[in-house]
Amino acid sequence: MTLDHRQLGVDLFNEVWRLMRTREDDDRMLHAAHASRYHWGEASECTPANLSRGEWQVSRVYTVLGLTEPALRHAYRCLDLCEAHGIGDWDLAYAYEAIARAYKLAGKGPEAEAYKTLAAEVPIADPDDREHLGEDLATL
């Protein structure tokens, strides 16, 4: 049996979003986020942007769960991938957003504000993506 790692990564990513909205099973949400990132890493068509997005989602889940240290770890991993591979646009903006969100959770307001500002300053080509980022930053 051959696993379709890409499809598993996609399906689990979407399941994490559903679980984030419903909060019906936090353990399942956390495990699905890590599993999604794992399967993306195993997919032959994986790109650094896919890995960055996976790290972002894992960070977001830890933030939702109120766990600062792993939220920051995965947020910085997201940023590291963006910087190492020249990834910009909304991926970079959301790397900064993840760090800001984790610092806010940690009670580090100045750091959160600094990364929120960096996120807001990233040029984003698609107006809808820019609007969505603004909505997310407003929750900080």
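The model is predicted, and local features require pLDDT of at least 70, side-chain atom pairs count only at pLDDT 80 or more, and totals for chains, interfaces and linings use all residues. Residues are numbered from 1 along each chain as its sequence is written, and side-chain values use heavy atoms, with hydrogens and water left out.

Eight salt bridges were counted, a salt bridge being a side-chain nitrogen of Lys or Arg within 4 Å of a carboxyl oxygen of Asp or Glu. One of them joins Arg 60 and Glu 97, with an N to O distance of 3.4 Å. This pair connects distant parts of the chain, as Arg 60 belongs to helix H3 and Glu 97 to helix H5 (residues 89–105), 37 residues apart. Helix H3 itself covers residues 48–64; helices are DSSP runs (H or I, at least four residues), numbered from the N terminus. Arg 60 is classed as buried because its relative accessibility is 15%, and Glu 97 is likewise classed as buried because its relative accessibility is 0%. In this classification, buried means under 20% relative accessible area, exposed means over 50%, and partly exposed lies in between (1.4 Å probe, protein chains only). The two side chains of Arg 60 and Glu 97 also make a polar contact at 3.4 Å. A polar contact is a pair of N or O atoms within 3.5 Å; within protein, one must be able to donate a hydrogen and the other to accept it, and residues adjacent in sequence count only if both atoms are side-chain atoms.

The closest N and O atoms of Glu 15 and Arg 18 are 2.9 Å apart. Glu 15 counts as buried because its relative accessibility is 17%, whereas Arg 18, at 28%, is partly exposed. Asp 26 and Arg 23 form another salt bridge, in which the closest N and O atoms are separated by 2.7 Å. Asp 26 is partly exposed at 25% relative accessibility, and Arg 23 is partly exposed at 39%.

The loop between H1 and helix H2 (26–42) contains Asp 25. With a relative accessible area of 33%, Asp 25 is partly exposed. The side chain of Asp 25 reaches two backbone nitrogens: that of Asp 27, which lies 3.4 Å from a polar atom of the side chain, and that of Arg 28, at 3.0 Å. Between the C-alpha atoms of Asp 25 and Ala 93, which are 68 residues apart along the chain, the separation is 29 Å.

Asp 126, Asp 128, Glu 131 and Glu 135 form a negative surface patch. Patches are made of residues with over 30% relative accessible area and no salt bridge, like charges being joined within 9 Å and nonpolar side chains (Val, Leu, Ile, Met, Phe, Trp, Tyr) within 5 Å. Asp and Glu count as negative and Lys and Arg as positive, while His and the chain ends are not counted. Glu 135 is partly exposed because its relative accessibility is 43%.

Key:
Areas by Shrake-Rupley, 256 points an atom, 1.4 Å probe, with all protein chains shown as cover. Charge placed at Lys NZ, Arg CZ, Asp CG, Glu CD. Helix = DSSP H or I, 4+ residues; strand = E, 2+ residues; numbered from the N terminus.
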